[in-house]
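Here is a short report for a reader meeting this structure for the first time. Look over the sequence and the model, then read on.

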Amino acid sequence: LLIQVFLHYGMSSDGLAAAAAIFQDSTANAVASTIEYITSSGDMHEMTFMHEMAAGTTSATTFTVRAGYGNTSGTFYLNRSSGESSHGGVLRSYIIITEYES
């Protein structure tokens, strides 16, 4: 499996870290993560990362992405820079999962 994550976001404060992680099913530990240091609040940012792994099962499995401040509290804005939507509300974050046959 190839799991690709694309997040568009903004944060309420600068000088902080934004973090995101991929989780599988109800497993507590992430299968992959990333962190980005933000120097300017109010701007749009994009965080992208990917993870490769063997499917490991033929049963259905669920992947989720969690994102937010990596080191303190604050407001993490998904698909926008602050209180207003970006690009008329059509800007989207997404996850792409591709299964390759071996």
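Which residue in strand 4 does H8 stand opposite? H8 stands opposite E46.

## Model and confidence

This is a predicted model, in which local features need pLDDT of at least 70 and side-chain atom pairs count only at pLDDT 80 or more, while totals for chains, interfaces and linings use all residues. Residues are numbered from 1 along each chain as its sequence is written, and side-chain values use heavy atoms, with hydrogens and water left out.

The pLDDT is the predictor's confidence in each residue, on a scale from 0 to 100. The protein chain averages 87. At least 70 is reached by 94% of the residues. Strand 7 (residues 94-98) has the highest confidence, at 95. Strand 6 has the lowest, at a mean of 87.

## Overall build

The protein chain has seven strands and zero helices. Both kinds of element are DSSP runs, numbered from the N terminus: helices are H or I with at least four residues, strands are E with at least two. Along the sequence, the pattern reads β-β-β-β-β-β-β. The C-alpha trace spans about 45 × 30 × 20 Å along its principal axes.

The protein chain holds 102 residues, and 33% of them count as buried. Buried means under 20% relative accessible area, exposed means over 50%, and partly exposed lies in between (1.4 Å probe, protein chains only). The accessible surface comes to about 6300 Å². Carbon and sulfur atoms supply 46% of that surface. These areas come from the Shrake-Rupley method with a 1.4 Å probe; for residues, only the protein chains shown count as cover.

A contact means heavy atoms within 4.5 Å. Take the contacts with a separation of 6 or more: 73% of them join residues 24 or more positions apart.

Three strands form an open sheet in the order 3-2-5, with antiparallel pairing. Its edge strands are strand 3 (32-38) and strand 5 (63-69), and each pairs on one side only. From one strand to the next, the twist averages 15°. Axes here are lines fitted to C-alpha atoms, for helices over the stretch in contact, and angles run from 0 to 180 degrees between N-to-C directions.

Two strands pair if DSSP finds at least two bridges between them. Strand 2 (residues 16-24) and strand 5 are antiparallel, with seven bridges. Q24 stands opposite F63 in strand 5.

A67 also lies in strand 5. A67 is partly exposed, at 38% relative accessible area. Beyond its neighbours within four places in sequence, A67 is in contact with L7, A19, A20 and F76. A67 and Y9 are 58 residues apart in sequence, yet their C-alpha atoms are 9.5 Å apart in space.

## Strands 1 and 4

Strand 1 (residues 2-11) and strand 4 form an antiparallel pair with eight bridges. Strands of a sheet pair through backbone hydrogen bonds, either parallel or antiparallel.

Which side chains of strand 4 point to the buried face? In strand 4 (residues 45-52), H45, M47, F49 and H51 point to one face and are buried.

## Loop residues

D25 sits in the loop between strand 2 and strand 3. D25 has a positive phi of about 50°, although it is not a glycine. Most residues other than glycine have a negative phi. D25 counts as partly exposed because its relative accessibility is 40%.

G70 lies in the loop between strand 5 and strand 6 (76-78). G70 is partly exposed, at 41% relative accessibility. Leaving aside neighbours within four places in sequence, G70 is in contact with A17, A18 and A19. G70 and A18 are 52 residues apart along the chain, and their C-alpha atoms are separated by 5.0 Å.

N79 is found in the loop between strand 6 and strand 7. Is N79 buried or exposed? N79 is buried, because its relative accessible area is 18%. Phi of N79 is positive too, near 65°, in a residue other than glycine. The N79 side chain makes a polar contact with the side chain of S93, at 2.7 Å. A polar contact is a pair of N or O atoms within 3.5 Å; within protein, one must be able to donate a hydrogen and the other to accept it, and residues adjacent in sequence count only if both atoms are side-chain atoms.
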